[in-house]
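Please keep the sequence and the structure in view while reading.

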Amino acid sequence: RASSVVAARARDAHATTVALELFERVDVRIDARDTHGAETPSTSTFDVDVDRVAYVGGAVWALDWCASVATGDDAGFLAVDARAEPHRAHATEALGRCRGDGVVQIWRSSDDGLELEGVIVHDGGCVSDVRWSPCREIAGMERVGEEDVGALAASRGDGIVDVWIVPRRASTVVSGGHGVHVLPVKCAFRGKIPRELGAVLCLDWNAAAPGRLAAGTTGGAVVVWDISTILSAVDRKGDVDPVYPTFVHDLGGAGPVRAIAWRPSDDEENAYCRTLSQHQCACASDFTAQPIVIDVRYQSTCYDRARGQCIVPALAWVCARDYVAGFDVGDRSAANGAPGETQKLTAATAKSPVHQFCHECHECHQTAITYIDVPGRSSVWCLDVRRTSGSAMVACATANGVVCVKPARHLPLRVRKPKAHPFEVCAGLKAYDVEADKALERNPVEPPKCFDFVTSRRNVVQSGDELYPREGYAKPGSSDAPTTAQHCVRWRRGPSDAAWWLASAGDAGFLRVQRFNRATMQDALDEHDRRNWAHSA
């Protein structure tokens, strides 16, 4: 039931409009030229060396890079879930009841190109999240072999959480339709949650504690499986039986938990820092004013939190002390108040929907330490951070079709400002008018019939721009008429990743993979470090 074609501007030498077939790949033209054919100089801080797009056949709500693969050619692997009808909408009330065949796509990305490695077929209907384990060896579980891609956790639409050992494609024999290889995965672990907690909505592996998998549920709870402990105590023969979590933390009416992330460690040699990263995670939900940090060593049954002003669908740690949260400033949050209440967004949240919080500072624990503008001014659907020894790089995907990046770091108390430098656009989609042969300045409320790819040099969206008319947001799309919304963004990371690869995807079914220029990224991080430390001194 996947859509077979979608119209987009490939921007080749002739800038023609093409209809991308299912699994077709094209290169996006990086440079921009004026009406006379002269190249337009870039005004962006970040240069992109490689920009590729593949059409995956449906709205993408789940996307993740494999942490490390021994391929010998610096290739990376992406897990992608593309939804077609009828499991297209990301509706929390539908999760747990989805049935039928589903497919998770595995894509291989390298300097040579973007290629579909194969697909994983399952019977869970759809997938709400996918996460590759950062560890290739988990006690009690079958070890990931050298010829395997890795261990992939997937929260299925029928309420089951599977951990699959994903192999590399072993042959050139096609075993499915559209010339696709079906990968013979092995289910190494299967988890389930109590019925009253709903279904699993989001996942995250703990890098400091191999085999520890956290999940946020639609019923407003955080659950954790210690897979190494569970499997070591169970005699596993034949099929894998579903296992209930070892830890359950009820957030007390906080609403669906839409994002969850384990706390990182800034000092692996420090036992105290390592212990915190093994046991503490942050979660974001519908009815809390900001993300909540919980400790899985303590069994709490309820969290007394005031109802927030809007939904928090995105969360990522900048460092061990600070995290960023993205807010939904759309119509859903306006009706998010208690009965009889009217929720009004503050001007800061409406204009700057990404907030940075400091978890350890008691003076600012209840409020954001800085607000960050997002070009196009719309709801934030996903945040991801690639941490370095100094500043980190934050990536953001929004409902208005923009993917943007910026450096960030822990801010000392003396240099904190209410406003940080805004994000810079690197990717995304704009509605394209074929008859007028131009991209529209504002996206229409109705889903467009054709798209143009946003780059750091073309169709640039500035900080103060609004991509949708003030009177409304985009109407819900369908497989035949998708919107420009971007749902997922992920940095590639791993012990040997020197290249800066970023993947993004959204409603229109385009998987976008970009490689940033390493020198410009490092210059931006160094400049951010110097500016903040100079102010601190």
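With 3 residues, strand β27 gives the most to the lining of the largest cavity. Helices (H or I, at least four residues) and strands (E, at least two) are DSSP runs, numbered from the N terminus. This is a predicted model, in which local features need pLDDT of at least 70 and side-chain atom pairs count only at pLDDT 80 or more, while totals for chains, interfaces and linings use all residues. Residues are numbered from 1 along each chain as its sequence is written, and side-chain values use heavy atoms, with hydrogens and water left out.

The structure holds 3 cavities of 30 Å³ or more. A cavity is a set of points, on a 1 Å grid over the protein atoms alone, where a 1.4 Å probe fits but cannot get out; lining residues have an atom within 4 Å of a point. The volume of the largest cavity is about 50 Å³, a volume being the space filled by probe spheres set on the points, which are joined across faces, edges and corners. A427, G428, L429, F453, Q486, S504, F510 and R512 line the largest cavity. The elements that give two or more residues to this lining are β27 (424-433) and β32. By class, the lining has 4 nonpolar, 3 polar and 1 charged residues; Ala, Val, Leu, Ile, Met, Phe, Trp, Tyr, Cys and Pro count as nonpolar, Asp, Glu, Lys and Arg as charged, and the others, Gly among them, as polar.

F453 and F510 also belong to a cluster that ring pairs form with Y55 and F451. Rings of Phe, Tyr and Trp (its six-membered ring) pair if their centres lie within 6.5 Å; planes under 30 degrees apart count as stacked, over 60 as edge-to-face and the rest as tilted. The structure holds 9 aromatic pairs. One of them joins W491 and W500 edge-to-face, at 5.4 Å centre to centre and 85 degrees between the planes. W491 is buried, with a relative accessible area of 0% (buried means under 20%, exposed over 50%, partly exposed in between; 1.4 Å probe, protein chains only).

W491 also pairs with F516: the centres are 5.7 Å apart and the planes at 50 degrees, so this pair is tilted. It links distant parts of the chain, with W491 in strand β30 (residues 486-491) and F516 in strand β32 (residues 510-516), 25 residues apart. F516 is buried at 2% relative accessible area, and W500 is buried at 4%.

Key:
1 Å grid on protein atoms, 1.4 Å probe; cavity = no way out; pocket = protein on both sides within 12 Å on 5 of 7 lines; lining within 4 Å.
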